[in-house]
Amino acid sequence: MADKDKKMTEGGPSSSQEETNERRLWIGNLDIRVTEFRLMKLLQSFGKLEKFDMLFHRTGPLAGQPRGYAFVTYKDKANAAKCMSKLNASKLGTRVIVVKYAHNMSKEEMEKSKVNLNLPVLIGVKKDEQDKRELKNRMSKIQEIEAKLKMMEKSKEDLADTLLKKTCSSYKS
């Protein structure tokens, strides 16, 4: 059995996947001021692009800002190689960028690369327990506000009594 057939039967990458990997590049260490348009125009100067993806933060304080890397797939592997040789270790903006062949990660690799935080807040908290905590927090806040309102009413009554006494004493004198 040929090596190529062996790869196919063992679940290895097909020849079309290998060819795509030779045309697909990862561009990293990008300056956050480099725009998607500017980077795409730079990459197009090496040949026709099949696909271009610049990644952005979706949530958190950096939402909408670039993540600092992009993926590009060229129509021709020679253009990808030329781009990598010319741009790797070159300066773009204020940073020296890194250009490498991108590779597809298997599910096992993706699971391995995830960091397990083991935070008790995130694990082991059942939905019911979390709902109970939220309800308790709401109730305590409501009680806090009610107590402040009562205190304000009492101080308002005390102020009214003090003013009434002063007014009455001024009339008596």
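A contact, in this tour, means heavy atoms within 4.5 Å. By that criterion, residues 24 or more positions apart account for 61% of the contacts in the protein with a separation of 6 or more.

The model is predicted, so local features need pLDDT of at least 70 and side-chain atom pairs count only at pLDDT 80 or more, while totals for chains, interfaces and linings use all residues. Residues are numbered from 1 along each chain as its sequence is written, and side-chain values use heavy atoms, with hydrogens and water left out.

**The whole chain**

Begin with a cartoon view of the protein, which shows six helices and six strands. Helices (H or I, at least four residues) and strands (E, at least two) are DSSP runs, numbered from the N terminus. Read from the N terminus, their order is α-α-β-α-β-β-α-β-β-β-α-α.

Next, switch to a surface view. The accessible surface comes to about 14,000 Å², and 56% of it belongs to carbon and sulfur atoms; such areas come from the Shrake-Rupley method with a 1.4 Å probe, and for residues only the protein chains shown count as cover. Of the 173 residues, 18% count as buried. Buried means under 20% relative accessible area, exposed over 50%, and partly exposed in between (1.4 Å probe, protein chains only).

**The nonpolar core**

Select L25, L39, L43 and Y74, the residues with the most contacts inside the largest nonpolar core, which has 20 residues. Such a core is a set of buried Ala, Val, Leu, Ile, Met, Phe, Trp, Tyr and Cys residues joined through side-chain atoms within 4.5 Å. Two or more residues each are given to this core by strand 1 (24-28), helix 3 (36-44), strand 2 (49-56), strand 3 (66-74) and helix 4 (77-87). Helix 4 provides the largest share, four residues.

Now centre the view on L25. Apart from neighbours within four places in sequence, the contacts of L25 include A70, F71, V72 and Y74, as well as A80, C83 and M84.

**The aromatic cluster**

Select W26, Y69 and F71, which ring pairs link into a cluster. Two aromatic pairs are found in a search of the whole structure. Rings of Phe, Tyr and Trp (its six-membered ring) pair if their centres lie within 6.5 Å; planes under 30 degrees apart count as stacked, over 60 as edge-to-face and the rest as tilted.

The rings of W26 and Y69 have centres 6.3 Å apart and planes at 35 degrees, so this pair is tilted. It links distant parts of the chain, with W26 in strand 1 and Y69 in strand 3, 43 residues apart. The rings of Y69 and F71 have centres 6.0 Å apart and planes at 90 degrees, so that pair is edge-to-face. W26 is partly exposed at 26% relative accessible area, and Y69 is partly exposed at 22%.

Move along strand 3 to T73, which is buried with a relative accessible area of 6%. Beyond four places in sequence, T73 is in contact with R23, R24, L49, E50 and K51.

Select E50 in strand 2, a partly exposed residue at 45% relative accessible area. E50 touches R23, T73, Y74 and K75, not counting residues up to four places away in sequence.

Then go to N79 in helix 4, buried with a relative accessible area of 18%. Leaving aside neighbours within four places in sequence, N79 is in contact with F46, G47, K48 and Y74.

**Salt bridges**

The structure holds four salt bridges, each a side-chain nitrogen of Lys or Arg within 4 Å of a carboxyl oxygen of Asp or Glu.

- Select E22 and K77, whose closest N and O atoms are 3.1 Å apart. This pair links distant parts of the chain, from helix 2 (residues 15-23) to helix 4, 55 residues apart.
- Select R33 and D31, which meet at 3.0 Å, N to O. R33 is exposed at 57% relative accessibility, whereas D31 is buried at 5%.
- Select K51 and D53, which meet at 3.8 Å, N to O. K51 is partly exposed at 49% relative accessibility, and D53 is partly exposed with a relative accessible area of 32%.

**A surface patch**

Finish at L135, M139 and I142, a nonpolar patch on the surface with about 270 Å² of accessible area together. Patches are made of residues with over 30% relative accessible area and no salt bridge: like charges are joined within 9 Å, and nonpolar side chains (Val, Leu, Ile, Met, Phe, Trp, Tyr) within 5 Å. M139 lies in helix 6 (residues 127-172) and is partly exposed, with a relative accessible area of 42%.
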